[in-house]
Amino acid sequence: MSLSGVNPDIDDAPGAAQPEPPGTGRRWSVPHPPRLSLPVTGMLIFAGIRVLSVAVAAFLLGHGKYQLRHWSLVRWMRSSDGGHYWSIAAHGYTYPAGQLAHASVFSWFPGYPAAIDSIAWLPGVTIVAAGLIVTAVAGLAAAWGLTALGMKLTGDPRISLLMVAIWAVAPSSTVLTMMYAEALFCALAIWALVALVSGRWLTAGLLTLAAGTVRSTALALILTICAAALLAVIQAVRARQPSVPWWRAPWWQALWWRPLAAVLLAPLGLLGYLGYVALATHRIDGWFWVEKHVMHMDFDWGTSTLRVAKGTLLGAPSVDEVLVVGVLCAAVLLMLWSLTERIPVYLHVYTIVVVFLALTTSANWISSKPRFLLPAVLLALPVARLLAPLRTSVLVPLIGVLAVATTWFGLYLTVIARWTP
């Protein structure tokens, strides 16, 4: 035994507990936060961008020339189409009987006002508040769906989250914070595409049916489901999958019934509303007549859009014209770029039809065309691939700058240029 009371033979033995050096004792540490799931992360990215957009809008409305317009944040959020949706949610489709020239109310589809009415009856919830709630919830659902779609197409979480961020800062993305139907339509469209990629035909058909009650752009989804169903049948025949003739076996054992059911379900929402307008106006082409003669929106193969673009490039354009035409040119280039992606052909059909519909309608409401492009979410895929190698420390400020820029873009068109976004 040593004078210190420590037996060196025992303490130096293998496996014996060694004294800790001074200052190296165990310390309390802050626990790492739980890892968020990919859908939650995507929704948080979308929500953060939307909060930043609202903050920038509130700042701009209180300064400079914007302040002279005397617009409040709520007025901006419910402006333009928001006023029409408010009227439909409050009073339904009313117009002077027999006066189709004053029947512009039929240009706005019933799906979004119906969603507003579903919560506007709650105590303390106004129609405007209900509309903004529907927009916010639908936007989060769309962000969730876009992360799921990105994962199914690429298997890369980073690209999937970047798709959400790029879509959230797209030109005219300010309507995803306003009393507009775009967030609801995009949510339904994105989840319909997710269902289609997953082979859930009936779900895709039902979601497309619902989308047809929100916007006429549902035509792109309808054609996409038709293309996917046709490809599925062709692939089944080429693979020589065993099947029983329909006249000998129960229908639920056939390979064709789910794609066929989706094809039959998909157009019912759009056709149902067109049929309602036909009955209300006593014209079989009632909705198309209102669009052409009252709203001055017609299909002209893009001749008027090209005329505006030519005048902008060769003339002395205004700032708003340069901005809008620049967005349209970028959309065409992105569409061509997206065709290089190795994704199912029917998804390319969807993107092409959305861009085609946006560009080939008359240019009387050319300021709305960037908004019409918002459902073309797959335009974000090639850009996301391009940006994915960048560090997060670079991507975060880049997305932030884009969010500020697109908020200014949307606010400028609405408040200063007095165009409809």
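Modeller: In the lining of the largest pocket, the largest share comes from α17, with five residues; helices here are DSSP runs of H or I of at least four residues, strands are E runs of at least two, and both are numbered from the N terminus. This is a predicted model, in which local features need pLDDT of at least 70 and side-chain atom pairs count only at pLDDT 80 or more, whereas totals for chains, interfaces and linings use all residues. Residues are numbered from 1 along each chain as its sequence is written, and side-chain values use heavy atoms, with hydrogens and water left out.

The largest pocket holds about 980 Å³ of space. A pocket is an open set of points on a 1 Å grid over the protein atoms alone, where a 1.4 Å probe fits and protein lies on both sides within 12 Å along at least five of seven lines, and a lining residue has an atom within 4 Å of a point; the volume is the space filled by probe spheres set on points joined across faces, edges and corners. The lining comprises 37 residues, and S216, W287, E291, M297 and T361 are those nearest the centre of the pocket. Besides α17 (345–360), the helices α5, α11 (218–238), α13 (268–281), α14 (286–294) and α18 (369–372) each supply at least two lining residues. By class, the lining has 23 nonpolar, eight polar and six charged residues, where Ala, Val, Leu, Ile, Met, Phe, Trp, Tyr, Cys and Pro count as nonpolar, Asp, Glu, Lys and Arg as charged, and the others, Gly among them, as polar.

H296 is partly exposed, because its relative accessible area of 46% falls in the middle class; buried means under 20%, exposed over 50%, and partly exposed in between, with a 1.4 Å probe and protein chains only. In the loop between α4 and α5 sits S80, whose phi is also a positive value near 55° in a residue other than glycine, and which is partly exposed at 26% relative accessible area. S79 belongs to that loop between α4 (73–77) and α5 (81–91) as well, but S79 is buried, at 9%. Setting aside residues up to four places away in sequence, S79 touches W71, M178, Y180 and T414, a contact meaning heavy atoms within 4.5 Å.

Not counting residues up to four places away, the contacts of W167 include F46, G139, A142, L146, C186, L374 and V377.

The second largest pocket has a volume of about 510 Å³ and is lined by 21 residues, with I166, V169, A170, P171 and L334 nearest its centre. Its lining draws at least two residues from each of α8 (157–168), α16 (319–338), α19 (380–387) and α20 (392–416), and α16 gives the most, with four. The classes here are 20 nonpolar, one polar and no charged. Of these helices, α19 is mostly covered, with six of its eight residues buried, namely A380, L381, P382, V383, A384 and L387. The cover over those buried residues includes α7 (127–154), α8, α16 and α20.

Helix α7 also carries T147, which is buried at 1% relative accessible area. The C-alpha atoms of T147 and M163 are 7.5 Å apart in space, although the two residues are 16 apart in sequence. Beyond its neighbours within four places, T147 is in contact with L38, P39, G42, S160, L161 and V164.

Taken as a whole, the protein has 20 helices and zero strands, and 46% of its 421 residues are buried. Of the contacts between residues at least 6 apart in sequence, 76% join residues at least 24 apart.
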